[in-house]
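Let's take a friendly walk through a protein structure, one region at a time. Keep the picture open beside the text as you read.

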Amino acid sequence: MLLTPFRIILRSFAGSRFSALSSLWCRKQNKLSTLNFYSDQTTMLAVDHTLNDFPPGPLDVYRKKASFDWRKLKLLLEDEKLWRFKVKIWQALESDPIFRHVDDLPLDAQRELATKRMYRVRAMNFLPLEDILEDPRLPLTMMIALFQYEPSMTVKYSLTFSMFGNVVLGLGSERHFHYYEEALEGKILGCFALTEISHGSNAKGMRTIAKYDPATQKFLLHSPDFEAAKCWVGNLGKTATHAIVYAKLITPDGKDHGLHAFVTKIRDPETMLPYEGVTVGDMGHKGGLNGIDNGFVLFDNYPVDREDLLNKTGDVTPEGEYVTPFKDPNKRIGANFAALSAGRVGIVSICLAYMTKAVPIAVRYAATRRQFGPENKEELPILEYPLHQWRLIPYLAAAVVLKNFGEFFSAALAETSKAAILNLHQDDTSKEQAAKLGIEIHTLSSSAKPVAAWITNLAIQESREACGGHGYLKIAGLCDLREDTDVNATYEGDNNVLIQQTSNWLLQLWSKRKTPGVFDFPLGSVTFIADADKILNSKFTATSVKEAVSPKVLQDAFQWLICHLLKSTAAKIETLSKKGFDSFSVKNHSQVYLARTLSLVYCEHFLLKKILERAESVKADEKLYKILLKVSSLYGAWSLEKHLVTMYQGGYVSGALPATILRDGILDLCSELKDDAVSLADVIAPCDFALNSALGMSDGELYKNFQKALCESPDTFTRPSWWRQVTFWEAALPASKL
């Protein structure tokens with residue numbers, strides 16, 4: 001997890017601490033009305049003339065063809081206040097020499113620089129407490145701005161100044177508050193140790209133990225072997241002094257109470273050497289994010305004070321008796337990990353931070369890179385070719401759709417956090433609605449994180465290829481993005497494992513579908529399933545290209561897909577159960593083509609639903625409305641086309657016409673959006689400093705920027721130190737004389 005809802009901080013303050021912060025929050029309630037995602041569209045649509053025009057240049061050809069005002073769309077998709085906040089951060093970084101872009105540093109130097117930058121950002125104090133109280137969206141906004149500048153430093157910052165302290169607060173009590181304060185002040189540097197060498201997704205299989213000794217009133221933390229070593233722990237490799245370590249709590253009677261979190265001292269803050277009983281090492285070079293020192297650690301009956309058990313979900317008395325407010329062990333385990341769930345929402349935004357760099361680079365390159373053309377005529381920009389449009393523009397549409405969803409989801413989470421902090425859910429009805437909203441957010445995040453990670457990985461790779469050989473250069477900025485984003489498919493839950501939480505919930509609802517109101521949830525992601533019988537009897541009725549990619553036809557098709565996959569998956573489960581398969585095997589054998597696909601289409605449908613709601617909210621502005629409809633239709637048709645086999649298999653479509661008109665509709669939309677592509681890229685792209693690409697600068701001076709980047713490299717025109725190794729007479733000598 002990289003980010004935690006601010007409610008964890010506020011709810012964990014005791015007495016006057018909580019009262020003071022809660023009071024400050026209450027005084028600012030009126031200003032929080034911006035969290036209503038579709039409130040006051042008139043204000044949001046006011047053109048911000050401080051959004052500067054782009055410098056004149058080669059991209060003007062397309063910018064002048066755009067059918068909409070890019071400033072208006074930018075301020076529609078991104079709150080003006082949040083945009084200004086990001087610009088403020090980028091400008092501060094750009095003016096400080098320590099944040100100058102540097103390449104190809106040795107591993108140790110990358111770690112050192114990331115650490116220095118992390119502390120410099122902390123000193124800049126972009127987020128005073130009162131600002132967070134006024135608008136809890138700001139921490140995530142800051143993280144996105146920092147991620148678009150430099151991911152390693154940002155992860156390190158988040159781990160140090162957000163995750164460690166917030167988990168301490170979320171799972172601990174007043175006796176642990178000093179750790180939060182020390183971490184916030186930089187006196188200690190924390191990390192989070194859950195995953196083990198031989199167990200990751202299966203947390204129940206982890207083997208690190210913490211056995212309580214009443215004689216010393218300490219837990220003895222122990223790793224039975226290397227397979228039980230905590231691993232992939234960010235900050236642990238070289239710099240962490242403290243860790244939140246998850247271990248099985250064993251009381252003196254020998255009873256195992258399951259995983260609990262312990263604040264554990266790893267290194268002496270004065271010497272940075274590990275304590276006796278702690279073996280800590282570095283994971284070494286990774287595929288990306290090498291500014292983060294991921295590490296592993298083993299414990300040899302290492303003593304941990306009883307008070308350092310984070311005791312919100314369970315505690316041990318000095319005599320060794322285990323006490324917990326939870327009667328159900330499963331609910332206790334769930335509460336133990338609840339502090340981590342918001343990380344999935346954060347990863348959606350992280351993916352978006354990467355994607356909104358890669359796609360604009362490729363689009364701007366395509367608009368200025370000229371190749372081929374009709375005989376005896378000028379070469380054409382490669383953006384003019386239908387194949388290139390088909391390769392890039394759907395990802396551009398997907399980026400806009402994901403950006404809209406990310407803003408909505410972050411606001412929904414902030415609204416939930418605010419309500420929890422202020423204790424707004426007093427009566428049983430409001431408490432029930434709050435619980436339902438929490439479940440729906442959890443379910444959506446469990447599918448949105450995989451969908452966002454996979455789309456982003458594909459978008460970056462296609463962008464790299466679309467820039468040809470130039471895209472493979474470091475100065476293009478695309479290969480670094482590809483390396484850094486890859487891990488999003490794994491942490492906070494392997495995508496293919498995590499997404500099962502979505503299908504599990506949907507199938508639970510399906511089993512209760514005859515119960516009135518079972519599909520009534522606040523965000524409306526499953527409301528339509530109440531009409532499943534009617535939906536399953538419907539057919540794809542479009543007969544023209546335009547009709548095939550219309551919003552209603554696309555939404556109807558997605559709703560049929562979800563209902564069909566629910567019915568088919570449930571039938572598969574029933575068949576396997578009747579054959580005698582145990583529940584574990586039943587679940588495993590119903591994933592491919594069924595439960596996994598169900599989770600994907602559920603998320604894709606909701607993304608489409610939210611962008612269409614956004615379009616409807618600005619229907620009075622015809623230009624904005626039309627561009628959003630085209631973007632929505634392209635995303636919907638492009639996503640739906642991947643499920644054609646299932647639609648044919650289920651009888652929703654038949655004959656050649658549906659596939660033909662759907663695919664023709666995708667190509668037509670790509671062509672229609674071609675002239676808008678550069679302006680859409682302008683809407684989602686960060687500033688040039690954060691973009692950091694010789695191929696995708698906003699001035700469109702492709703070859704001038706290319707030349708400048710090459711010529712500024714200190715090694716471009718120098719002779720290598722080993723030049724003698726390649727001279728003829730040296731190369732001809734026997735190896736023994738070299």
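## Strand β5 and its partners

Strands β1 and β5 run parallel and are joined by four bridges. One place to look for this pairing is Ala193, which stands opposite Val245 in β5. Keep in mind as you explore that this is a predicted model. Strand β5 also pairs with β2, again in the parallel sense, over three bridges. There, Ile209 has Lys248 of β5 as its bridge partner.

With β6 the pairing is antiparallel, and eight bridges hold to that pattern. Ala247, for example, has His260 in β6 as its bridge partner. The hairpin of β5 and β6 has five residues between the strands, and Gly254 in this hairpin takes a positive phi near 85°. How many of the residues of β5 are buried? Nine of its nine residues are, so the strand, which spans residues 242-250, is mostly covered.

As background, strands of a sheet pair through backbone hydrogen bonds, and they may do this in a parallel or an antiparallel way.

## A sheet of three strands

Now look for an open sheet of three strands, arranged in the order β4-β8-β7 with antiparallel pairing. From one strand to the next, the twist averages 20°.

Strand β8 covers residues 295-299, and two bridges join this strand to β4 in an antiparallel run. To find the spot, look for Val233, which stands opposite Gly295 in β8.

## Two annotated positions

The unreviewed UniProt entry carries the annotation "binding site" for Thr195 and Gly234. These positions are spread over 40 residues of sequence, yet they cluster in space, with a largest C-alpha distance of 11.2 Å.

Thr195 is found in the loop between β1 (190-193) and β2 (209-213). Its relative accessibility is 28%, so Thr195 counts as partly exposed.

## Salt bridges across the sequence

The whole structure contains 35 salt bridges. One of them links Arg120 and Asp96, whose closest N and O atoms are 2.6 Å apart. Arg120 sits in helix α7 (residues 107-124), while Asp96 sits in the loop between α6 (80-94) and α7, so this pair ties together parts that are 24 residues apart in sequence. Are the two partners buried or exposed? Arg120 is partly exposed, with a relative accessible area of 32%, whereas Asp96 counts as buried at 13% relative accessibility.

Another salt bridge joins Asp308 to Lys265, with the closest N and O atoms 3.6 Å apart. Asp308 belongs to the loop between β9 (302-305) and β10 (315-316), and Lys265 belongs to strand β6 (residues 256-265), so the pair ties together parts that are 43 residues apart in sequence. Asp308 is buried, with a relative accessible area of 7%, while Lys265 is partly exposed, with a relative accessible area of 30%.

## A buried serine and a surface patch

Ser463 has its place in helix α15 (residues 428-466). At 1% relative accessibility, Ser463 counts as buried. How far apart in space are Ser463 and Ala366? Their C-alpha atoms are 9.8 Å apart, although the two residues are 97 residues apart in sequence.

Leu387, Trp390 and Leu667 make a nonpolar surface patch of about 320 Å². Leu667 is located in helix α26 (residues 657-672). This leucine, Leu667, is partly exposed, with a relative accessible area of 42%.

How values were computed
Residues numbered from 1 in each chain as written. Predicted model: local features only at pLDDT ≥ 70, side-chain atom pairs only at ≥ 80, totals over all residues. Heavy atoms only, no water. Pairing = 2+ DSSP bridges. Axes fitted to C-alpha atoms, helices over the stretch in contact; angles between N-to-C directions. Patch = residues over 30% accessible without salt bridge, like charges linked within 9 Å, V, L, I, M, F, W, Y side chains within 5 Å. Areas by Shrake-Rupley, 256 points an atom, 1.4 Å probe, with all protein chains shown as cover. Salt bridge = Lys/Arg side-chain N within 4 Å of Asp/Glu carboxyl O. Buried < 20%, exposed > 50% of the residue type's maximum accessible area, 1.4 Å probe, protein only. UniProt positions renumbered as here; feature names shortened; annotations may be inferred.
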